Amino acid sequence: DPQQRAEAEGGQMSEPRIIQNFIGYRATIATEQPGAVEQLQDMLSKLGMSFGMAEMADGKLQMDPGEKDVLFIDSDLNVAVETGALEPSRCLPVIGIIGVEAPSRLRSLMQLGATATLRKPVHRAAVYSALFVGINEFRRRRYLADRLDEHERRRLKRKSLVQAVLIVMRRSGSDYAAAYDQLRRESMRSRQSLEDFCETFIQANGPELDEHQTPIGTNRTYAKKR
């Protein structure tokens, strides 16, 4: 199965599908001008979304966002958005509501990870487009960020892969390609990434190489630890 092979060998993640229907989504609206977002609230209801006004205290807006949360935030506010361990750009779509187009206020939206904007006062006709772009661009960025994190995680585990290949070569007398292929097949059977499987393999099946043993590509003989 190509999908199983991709998951086992490379930890590949599926690209996010495009969201077109926002029924069941929940919007939090952060503004000190409720009159400027009346049409936004009306359109959200028509799109099947629930919404509420943000509660802000001491210059902070604290949220615990779920998978279907969206934040509409007025760029004229001077508040810090706190979403727990991760920054807002990794937690939920942020759509800016722009009044004054001052560079400092636009910069604050960028720092929050805003992926779409609306002009103030908000008009119904612009809401769906902002949601479509804002939510789907957020999902695309999070997917790319997650892939980068996964590649970095796997890079840090390459040492385990090298050690596991050398152990198989030493025990079976096979060359590098055959040892690697054997480990790859076993990782697919166990439905693990190759690097995760090699970590488990080293812990369960044998000693690691000592500092006197050489990396792949040399002509020295790999002797077992005694």
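Contact is taken here to mean heavy atoms within 4.5 Å. The structure is a predicted model, in which local features need pLDDT of at least 70 and side-chain atom pairs count only at pLDDT 80 or more, while totals for chains, interfaces and linings use all residues. Residues are numbered from 1 along each chain as its sequence is written, and side-chain values use heavy atoms, with hydrogens and water left out.

The protein contains eight helices and eight strands; these elements are DSSP runs numbered from the N terminus, with helices (H or I) of at least four residues and strands (E) of at least two. Of its 226 residues, 41% count as buried, where buried means under 20% relative accessible area, exposed means over 50%, and partly exposed lies in between (1.4 Å probe, protein chains only). Among contacts between residues at least 6 apart in sequence, 60% join residues at least 24 apart.

Strand pairing was examined next, two strands being paired if DSSP finds at least two bridges between them. Strands of a sheet pair through backbone hydrogen bonds, either parallel or antiparallel. An open sheet of three strands, with mixed pairing, has the order S3-S4-S6. Strand S3 (56–57) and S6 stand at the edges with a single partner strand each, so one side of each is left without a neighbour in the sheet. Strand S4 (residues 60–62) and S6 run parallel and are joined by three bridges, with lysine 60 opposite alanine 80 in S6.

Glutamate 82 belongs to strand S6 (residues 80–82). It counts as partly exposed because its relative accessibility is 30%. Residues up to four places away in sequence not being counted, glutamate 82 touches Lys60, Leu61, Gln62 and Met63. Glutamate 82 and methionine 63 are 19 residues apart along the chain, and their C-alpha atoms are separated by 6.2 Å. In the loop between S3 and S4 lies aspartate 58, whose phi is near 55°, a positive value in a residue other than glycine. Aspartate 58 counts as exposed, since its relative accessibility is 77%.

Strand S7 (residues 94–98) runs parallel to S8, and four bridges join the two. Four bridges also join S7 to strand S5 (residues 69–74), again in a parallel arrangement. Isoleucine 95 of S7 stands opposite phenylalanine 72, and its bridge partner in S8 is alanine 116. Glycine 96 stands opposite threonine 117 in S8. S7 is mostly covered, five of its five residues being buried. Val94, Gly96 and Ile98 point one way from the strand, whereas Ile95 and Ile97 point the other way. In strand S8 (residues 116–119), Ala116 and Leu118 form a covered face, and Thr117 and Arg119 an uncovered one. The loop between S8 and H5 holds proline 121, and the peptide bond from lysine 120 to proline 121 is cis, with omega near 0°.

Arginine 139 is located in helix H5 (residues 124–156). The residue is classed as buried because its relative accessible area is 17%. Its contacts, neighbours within four places in sequence left aside, are Pro16, Arg17, Ile19 and Glu67. Arginine 139 and leucine 92 are 47 residues apart in sequence, with a C-alpha to C-alpha distance of 8.6 Å.

Rolling a probe the size of a water molecule over the atoms shows where empty space is left. On a 1 Å grid over the protein atoms alone, a pocket is an open set of points where a 1.4 Å probe fits, with protein on both sides within 12 Å along at least five of seven lines, and lining residues have an atom within 4 Å of a point. The largest pocket holds about 170 Å³ of space. Of the 13 residues that line it, the closest to its centre are Arg17, Ile19, Tyr25, Lys68 and Arg139. The lining divides into six nonpolar, two polar and five charged residues; Ala, Val, Leu, Ile, Met, Phe, Trp, Tyr, Cys and Pro count as nonpolar, Asp, Glu, Lys and Arg as charged, and the others, Gly among them, as polar. Grid points are joined across faces, edges and corners, and a volume is the space filled by probe spheres set on the points.
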